[in-house]
Amino acid sequence: MTESYNPAALEPPIRERWEASNSFHAPDRPGADSYYCLSMFPYPSGHLHMGHMRNYTISDVITRFHRMNGRPVLQPMGWDAFGLPAENAAIARGVPPAKWTRDNIAQMRDQLKALGFAIDWDRELATCDPEYYRWNQWLFLKMLERGIAYKKTGTVNWDPVDRTVLANEQVIDGKGWRTGAVVEKREIPMYYLAITEYAEDLLAALDDLDGWPERVRAMQANWIGKSVGMEITFPYAGGRLKVFTTRPDTLMGATYMAVAPEHPLARAAAERCADVAEFVQSCSTGGVSEADLAAQEKRGIDTGYTVRHPLTGTDLPVWIANYVLMGYGEGAIMAVPGHDERDFEFANKYGLPIVQVVRPEADGHVYDATEWQDWYTAKENVRLVNSGAYDGLDYEAGFEAIARALEQKDMGARRTQFRLRDWGISRQRYWGCPIPIIHCDDCGDVPVPEQDLPVTLPEDLVPDGSGSPLARREAFLACECPRCGKPARRETDTMDTFVDSSWYFMRYPCADNGRAMVDERTNAWMPVDQYIGGIEHAILHLLYARFWTRVMNELGLVEVREPFANLLTQGMVLAETWYREDESGRRTWFNPSDVEVERDARGRIESARLVADGKPVHFGGVEKMAKSKNNGVDPAALVAHYGADTIRLFSMFAAPPEQSLEWSEAGVEGAWRFLKRMWQNVHDHVAAGTPGAPATAGLSDPALEMRRRVHETIAKVGDDFGRRYTFNTAIAAVMECSNHLARFEVGSDTDLAIAREGWEALVRLIAPVTPHIAQALWQALGHEDDILAAGWPEIDEAALLQNKITVVVQVNGKVRGRIEAAPGASRDALQEQALAEENVARFVADREIRKIIVVPDKLVNIVVKT
């Protein structure tokens, strides 16, 4: 064992040993005590960032802890490899996305291995591999057979210059992100998955996910958005207009109807009025997301049509409004401007009537039809007004009375509606899983036969941004119809990449199976015991994964219906930001490593300058690490300088996993110093000789106290790692115990044995966080086995019994001394010892003692006459 700690020399041979012995391989059939620990797989951008580093370290700590406790553990890794970022990078570099992606995978794999993660690399997968995505296609066809997958026309963002569909996030201020062209709304045929058929089940099952953060469950519940209300019919000449509302109690306040620009009534009005046609056309530009519609100015036009109010018979005008979505409900709403903020804004703009039909029971609220107030939407402690026979009813009674009236007139029906929409999976892009459909002029849309899967994506194409290159690759397009044998064309749309990530966790256990999507090994490992990832995936990824698992369960492929038993959403990694601002207000951001900062004694910033030129820079606050703010830190560079264990230790010690971590160079240095001290301490201990077997009887008081500290630390760290996931407090406990052990005076072979027991325990306790140094120190302490196989240190309950305890002594409620006593000492003994304590005796002196209060093992309070 060398005297100094040198991770650059130490860590690579240890990783080579792990790889040569296949230390992290998980068994195919693990048994009942198996543990599946998984972090969300990364997009292969080519570079790990600190968010990756923290995420996978959390997973690795949990994995190694359970391995050391004797459980078979699966921790695999794969790559979420399809998607738009690879296409954009390919366009910028003029290379095929496949090459760019696979080169990045190779680079990131090496970066992950350099961090010492206990990953079973035999199960590695990439979603861009045909061996993987053939099963996307296979399950899609099974869903098509069952009616879960279906085709219909959908509205998309269309860039008229690039002639391609844009994702919502690619539409910026109504324009294409790349061309700047005004985006158009277009209706094109697309494939959908009927996730809404599972809405009730997906919502109800959230109550059983006790291992998920409440915040995530609430976000999913809000996204599913169950609403109980009424479908109300408004008749008109030649038809009926149906709307859904959760507030039928406000029906008497409806003053107009609003329909989406794509609604049949809007189209009919456009055919007979040029102004209406022009307005409808103007609504065909801009984004199609809810956020886009909410942010844009409310605009509309009168169609000239009217409908009849179902209870009063009053004619209500029908307007076209750009804030109504055709894809939600029937594409129409009843507008109650007195009690809906969007309707209120629209009605004030166009001079439409606003009628108050709800008022608070409490006095002091004055309704103002020109200024919106939050109480206008209240349900609690309100009464109906201006509602005829329904005046004076509260929300529930008004709902019920108006619902009954509508049902009696056959003008309404109670209905439950969900905000959740069916999942549109068609993407008009190249780098994705091909949809296995063939278009035949005679037979229509024909599924690709199962034996012809996978439909393989050509990997040599270079996109140029002007539509999918698949549409120009004749070798891909041309095929025969499986039904009639005539020439046909392949579908050029690819699947949404959320399809790829909706089941990858079920493929890991059987990634080598070329004959089936999953097999019995998947059932042996599922569900995932601990899933780890960012809160940004709380809704779509997790919801789609839950849906996909249910479909696979109903097809008899897997036994589980919920994929993730426990979920941990780790916090962000933050860092300081620094900038300069030019005369135009444009900011240039500088990396914190390029800034020299002067701070006062309390750590507050006094000044900062750029190292390159010595000129001042401004502090921009502490924010999430991001390229845009140039405040990221390269994990690979840190590993090269400090070693993997130092970075792992800092990232686990700086904050609990679910909280944000603020990057600190001083914190990294602190972690580095601790590992150096631990190395030096073990080195000095080993140099002192090899002890005999540890004795537990006849120990000196210091030895008993040292054993007690060690075993208290074993108990705490085991609980912090295994139950609480407070890795920072576990590390703090190891550090504190290490300091005590380093100061423990070894005066005999028995003391040396106690010290050996302590160091062997601490090395194993820190091993999940810093596995390289732990492996080296374990070997230095005389063990040849892998530390993962060494087992978690066992708690000696007898060692936890204290030989002596400290009891506080007060005089008239003020602490005046402390005494050492045997645990469970009698009241009389504690009282006698307290009165004999030198400082206490001075404060008591000759004064009359009125009473003595004794709390066994804790406190003696002597009350004297003042």
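## S502, tucked away

S502 counts as buried because its relative accessibility is 1%, where buried means under 20% relative accessible area, worked out with a 1.4 Å probe on protein chains only. This is a predicted model, in which local features need pLDDT of at least 70 and side-chain atom pairs count only at pLDDT 80 or more, while totals for chains, interfaces and linings use all residues. Residues are numbered from 1 along each chain as its sequence is written, and side-chain values use heavy atoms, leaving out hydrogens and water.

So what is around S502? Leaving aside neighbours within four places in sequence, S502 is in contact (heavy atoms within 4.5 Å) with W423, Y544, A545 and W548. You'll find S502 in the loop between α14 (497-500) and α15 (504-507). Helices here are DSSP runs of H or I with at least four residues, strands are E runs of at least two, and both are numbered from the N terminus. A polar atom of the S502 side chain also sits 2.6 Å from the backbone oxygen of F498.

## Helix α20

Helix α20 covers residues 665-687, which is 23 residues. From first C-alpha to last it reaches 33 Å, close to the 33 Å expected at 1.5 Å a residue; that expected span is 1.5 Å times one less than the number of residues. Just after α20 comes G689, with a positive phi of about 115 degrees.

Which way do the side chains go? The buried residues of α20 include V668, A671, W672, L675 and W679. An α-helix has 3.6 residues a turn, so residues three or four places apart point the same way. The buried residues of α20 pack against several other helices, among them α1 (7-20), α22 (727-743) and α23 (749-766).

## The second largest pocket

The second largest pocket has a volume of about 1100 Å³. Of the 35 residues lining that pocket, the closest to its centre are F244, T246, I333, D340 and R342. Strand β11 (239-245) is one of the elements that supply at least two lining residues, and its four residues are the largest share.

## The whole chain

Zooming out, the chain has 27 helices and 37 strands. Its C-alpha atoms fill a box of roughly 105 × 80 × 65 Å, taken along the principal axes. Buried residues make up 52% of the 866 residues.

Terms used
On a 1 Å grid over the protein atoms alone, a cavity is a set of points where a 1.4 Å probe fits but cannot get out, and a pocket is an open set with protein on both sides within 12 Å along at least five of seven lines; lining residues have an atom within 4 Å of a point. Grid points are joined across faces, edges and corners, and a volume is the space filled by probe spheres set on the points. Buried means under 20% relative accessible area, exposed over 50%, partly exposed in between (1.4 Å probe, protein chains only). A polar contact is a pair of N or O atoms within 3.5 Å; within protein, one must be able to donate a hydrogen and the other to accept it, and residues adjacent in sequence count only if both atoms are side-chain atoms.
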